[in-house]
Every structure is written in C-alpha cells, then in structure tokens.
Amino acid sequence: MDAFFASVEQRDNPDLRGKPVAVGGSAARGVVAAASYEARKFGVRSAMPSITAKRKCPELIFVPPRFDAYRAVSQQIHAIFAEHTPLIEPLSLDEAYLDVTDNLLVIPVATTIAEMIRAKIKAETGLTASAGVSYNKFLAKLASGQNKPDGLFVITPKQGPAFVEALPVRKFYGVGPATADKMAGLGIETGADLRAQSLAFLEEKFGKAGPYYYWIARGIDERPVRADRERKSVGAEDTFAIDLFDLESARKELAPLVGKVWRYCEERSIQGRTVTLKVKFADFQQITRTRTVLGGIGGEADLATVSGALLHQVFPVLKGIRLLGVTLSNLGEKRSASERQMSLTI
C-alpha cells in the first residue's frame with residue numbers, strides 16, 4: 001500500500017487531501033509513524049523525530065494513529081489477496097508476498113493478477129497500492145518500490161541479474177544502514193561490487209548473512225513464500241515527554257510496556273525465552289540488554305522480573321533516558337508451570 005497510514009487518514013478526512021500529513025505525535029518527543037507523499041517531498045519520513053519533521057515541513061499536519069482503522073483496511077486487502085492464492089506471507093499490515101504460480105483463478109500471467117489486485121483494492125478501499133512482480137521474493141520486493149505510488153514494475157528472469165548489479169546496495173531489502181556502511185567501508189557500493197566478492201569473503205565479513213548477500217547479488221533467492229510464517233518477536237516501546245534519570249521512574253514506565261507485551265502473548269497462548277531491553281538516551285545513543293530464560297517466560301511477573309533486572313544493569317545513568325522498549329523473542333506455544341524452569345543465562 002502507498003503511504004498506508006497517511007493515505008487512510010487522507011481518505012477518511014477530505015480536509016487532509018493534497019496536504020503534507022504525518023501520522024504520529026506532534027509533541028517535542030513525538031515520532032513520525034508514516035508520512036504522506038506530500039510530506040515526503042520535504043524529506044519527512046517514518047521514524048523521524050516529529051520536531052525534525054516539523055522543521056523540514058512547517059505546514060506539516062500531525063494526525064494521531066488509528067490502528068483499528070488500519071487493521072480494518074488490512075483485512076480488506078488480505079481478503080482480496082486470498083481470492084487469488086492461499087500462499088500469502090504478510091510482512092506488515094499493508095504489505096505481503098504472494099506466490100501466484102498456481103493461482104485460484106488459473107490466470108497464466110502474474111502481471112495480470114497484480115493489476116487485478118491493485119484495481120480491486122482501489123475500488124473497495126479507495127486507496128492505491130503498488131506491486132512488484134518477479135521470479136523470487138528479493139526481486140519482487142525491490143520491484144514493488146520502483147514505481148510508487150500507484151504503480152507496477154516487473155523484473156523478468158532475463159533482467160534480474162543486470163537489475164541487481166546496477167542498484168546501490170543501500171536499496172537492497174535486507175541491507176540496513178549499518179550493514180550498508182560496513183559494505184561501503186569494504187568498497188561495496190553497488191550490486192556489481194557485491195557480486196565481485198567471494199562467498200568465503202562475505203561469510204567472513206557478514207557471518208550467516210554472507211550467503212544471502214552472495215546469492216541476491218546474482219538475482220537468486222530460493223526462499224519460498226511461507227503462508228504459515230511465524231512471528232519471531234513481540235515488543236512495545238514508549239518515548240517520554242521528560243527524560244528519566246532515576247531507577248524508580250524508569251520502573252514505572254517499564255510496567256505498562258511489559259503488560260502490553262504479555263497481553264499479546266496471553267491472547268495467542270504463546271511465550272518466549274529471550275527478553276531484550278532497549279534504552280535510548282537523550283542524545284539518541286541506543287543500547288540493548290538481553291537475557292534468555294531457558295525454561296521460558298511463563299507469565300507477566302516473570303517478564304517484569306527479567307526486564308527489571310536488565311533495567312537495573314543500566315543504572316546509574318549519566319544522561320536522561322528518552323525511550324524504553326521491551327521485546328520478547330524465541331516465541332513458542334505456552335507451556336504449563338510444571339514444564340518450565342527459570343534457569344537464566346545471559
């Protein structure tokens with residue numbers, strides 16, 4: 001979907017149409033969750049501090065998020081996907097991979113299916129979607145961003161390797177800013193540069209991700225579309241209006257985050273083994289602390305205990321804390337208390 005959250009807001013409020021809109025908090029500590037294309041022209045983007053966004057675009061209109069509305073639209077578009085294939089791998093509320101090799105309407109051309117889906121989304125939701133069509137997930141993802149908004153781009157098997165070679169690695173899905181900086185330090189700026197590296201070199205420099213980089217540089221990605229893809233983690237975080245300097249204040253702010261994470265687990269009868277505490281300071285330095293519970297986190301009290309212990313490691317602090325986050329990973333089905341052991345390892 002194109003600028004999904006912001007587009008929903010513009011659809012539902014005609015006064016916002018054609019204007020720069022940011023979904024998120026407008027306060028000094030707010031963060032942009034999504035930006036309309038009108039706002040993006042000024043350099044406003046998601047995850048940007050609201051104060052920075054306002055400086056870049058003084059006419060920017062902030063709108064509080066309405067996740068119920070976004071989820072409702074998400075259900076509509078996923079229902080449209082399901083008319084064509086059961087092989088749907090969601091990436092987020094507004095994005096998914098679809099394998100249409102054997103599709104339900106027996107349409108021989110994937111591009112035709114993409115056009116049908118885009119047209120029906122527009123007709124049923126009033127919103128635009130962009131699509132990427134290719135022979136593997138990596139290239140389909142890259143293609144989906146080529147003609148945004150309201151566009152479609154196709155990368156054929158013949159075009160794939162050359163398309164990747166010409167692209168900056170910073171635009172590769174799966175290559176984040178830190179990895180892109182590391183690659184630049186090694187002289188790897190483009191897909192062609194990446195392809196010139198040996199598998200052994202990439203494994204040495206990037207570990208387990210090395211083979212992935214080696215093959216995508218050649219336009220090869222064998223990962224299947226997984227309709228049953230499991231969520232790997234669940235987390236919650238909050239940015240505070242006033243910096244936190246003492247442990248007790250931080251504990252109070254941590255409690256609702258723990259509660260939010262555990263409610264998600266309770267609703268789905270899952271538990272996790274690894275707790276990660278995220279701390280962002282007033283100068284935007286960010287650190288994490290992690291602990292694994294071999295027997296699994298069995299309840300909210302367990303999660304609160306481990307999170308609190310990780311928080312205690314951070315104090316005393318020399319600078320204020322502007323954000324705290326808690327993530328639970330290594331998820332699995334919830335087990336009974338008799339099956340669990342609270343054996344902690346860092």
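User: Why is F5 called buried in this model?
Analyst: In this predicted model, F5 has a relative accessible area of 15%. Buried means under 20%, so F5 is buried.

User: What makes Y70 buried or exposed?
Analyst: The relative accessible area of Y70 is 0%. That value is under 20%, so Y70 counts as buried.

User: Why are F5 and Y70 called a stacked pair?
Analyst: Their ring centres are 4.2 Å apart and their planes are at 5 degrees.

User: What does the pair of F5 and Y70 tie together?
Analyst: F5 belongs to helix α1 (residues 4-12) and Y70 to helix α4 (residues 67-82), so the pair joins parts that are 65 residues apart in sequence.

User: Why is the pair of F206 and Y213 called edge-to-face?
Analyst: The centres of these two rings are 5.5 Å apart and the planes are at 90 degrees. Edge-to-face requires an angle over 60 degrees, so the pair of F206 and Y213 is edge-to-face. F206 is buried at 14% relative accessible area, and Y213 is buried at 5%.

User: Which residues form a cluster through ring pairs?
Analyst: The cluster links F138, F172, F206, Y212 and Y213.

User: How do you know that the charged end of K182 sits over the ring of F206?
Analyst: The charged end of K182 is 4.9 Å from the ring centre of F206. The distance cut-off is within 6 Å, together with an angle within 35 degrees of the ring normal. K319 likewise lies over the face of F281, at 5.3 Å from the ring centre.

How values were computed
Residues numbered from 1 in each chain as written. Predicted model: local features only at pLDDT ≥ 70, side-chain atom pairs only at ≥ 80, totals over all residues. Heavy atoms only, no water. Phe/Tyr/Trp six-rings, centres within 6.5 Å; stacked < 30°, edge-to-face > 60°. Helix = DSSP H or I, 4+ residues; strand = E, 2+ residues; numbered from the N terminus. Buried < 20%, exposed > 50% of the residue type's maximum accessible area, 1.4 Å probe, protein only.
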